[in-house]
Amino acid sequence: MKRTKPLTAEEALSRAAGLCARCEQCTPDLLKKMAAWGLSGNDAQKVITQLERMNFVDDSRFARAYAHDKLAYSGWGRNKIIQGLWAKRLSRDDIDQSMDEIDEEEYASVAERVIRAKIRLSKDGIATYESKLKILKFAMQRGFEPRLASSIINRIAHEQAEHEEEE
């Protein structure tokens, strides 16, 4: 539903500050929202400047929070997180900084958790070359690097083979 009367800069600042207080926002998303509210580009930029000055908006902080949340809660790998941040139109520096702050151990742990869950749901497990390839493709769609996913799959296959020999 379209607003009949555009917001003033003060109303937009108040509304945007409320949004930012509830959850992290990035500059491009806020600019898009303010355009939908009927605010001119010049006024929207002034509102963004005020929000940055009041520390409500910080794109590098948003990128770090986005990367952390997508890894921890959605099980996304670096490639998919980078795509998401790129789609938000954040700067390359903010994206690179958010990737640098990802803990390698946590990253590998999440990748293994995601892959193991997919193996459990797979009817063939990882018994055949084709099933391993399917799991690898899945991991790559989730944004994990092929080298990391492949090494995890091979390690799990090796563990399963050793376990079957013991029985």
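## Contacts and overall form

Among contacts in the protein chain between residues at least 6 apart in sequence, 64% join residues at least 24 apart. Keep in mind as you look around that this is a predicted model.

The protein chain has nine helices and zero strands, so its radius of gyration is worth a look next: at 22 Å, it is well over the 15 Å that the globule rule gives for 167 residues, which means that the chain is more spread out than a compact globule. Along the principal axes, the C-alpha atoms fill a box of roughly 70 × 35 × 25 Å.

## Surface and interior

How much of the protein chain counts as buried? Of its 167 residues, 37% do. The accessible surface comes to about 10,500 Å², and carbon and sulfur atoms account for 50% of that area.

The largest nonpolar core holds 30 residues, and Ile81, Leu85, Leu90, Ile115 and Ile126 have the most contacts inside it. At least two residues of this core come from each of helix 4 (59-74), helix 5 (78-87), helix 6 (92-100), helix 7 (104-121), helix 8 (129-141) and helix 9 (146-166). Helix 7 gives the most, with six residues.

Take Isoleucine 126 as an example: leaving aside residues up to four places away in sequence, it touches Ile119, Ser131, Lys132, Ile135, Ile153, Ile156, Ala157 and Gln160. There is also a second, separate core of 16 residues, which includes Leu7, Ala12, Met34 and Ala44.

## A look at glutamine 25

Where does glutamine 25 lie? You can find this residue in the loop between helix 1 (9-22) and helix 2 (27-36). Glutamine 25 counts as buried because its relative accessibility is 6%, under the 20% cut-off.

Not counting residues up to four places away in sequence, glutamine 25 touches Leu19, Cys20, Leu30, Lys33, Val57 and Phe62. With lysine 33 there is a polar contact between the two side chains, at 3.0 Å. Serine 14, by comparison, is 11 residues from glutamine 25 in sequence and 14 Å away in space, C-alpha to C-alpha.

## Cysteines without disulfides

A disulfide is a covalent bond between the sulfur atoms of two cysteines. The structure holds zero disulfides.

Cysteine 20 is buried, with a relative accessible area of 10%. Cysteine 26 counts as buried too, at 0% relative accessibility.

Methods:
Residues are numbered from 1 along each chain as its sequence is written. This is a predicted model: local features need pLDDT of at least 70, side-chain atom pairs count only at pLDDT 80 or more; totals for chains, interfaces and linings use all residues. Side-chain values use heavy atoms; hydrogens and water are left out. A disulfide is a pair of cysteine sulfur atoms within 2.5 Å. Buried means under 20% relative accessible area, exposed over 50%, partly exposed in between (1.4 Å probe, protein chains only). Helices (H or I, at least four residues) and strands (E, at least two) are DSSP runs, numbered from the N terminus. Contact means heavy atoms within 4.5 Å. A polar contact is a pair of N or O atoms within 3.5 Å; within protein, one must be able to donate a hydrogen and the other to accept it, and residues adjacent in sequence count only if both atoms are side-chain atoms. A nonpolar core is a set of buried Ala, Val, Leu, Ile, Met, Phe, Trp, Tyr and Cys residues joined through side-chain atoms within 4.5 Å. The radius of gyration is taken over C-alpha atoms; the globule rule is 2.2 Å times the number of residues to the power 0.38. Accessible areas come from the Shrake-Rupley method with a 1.4 Å probe; for residues, only the protein chains shown count as cover.
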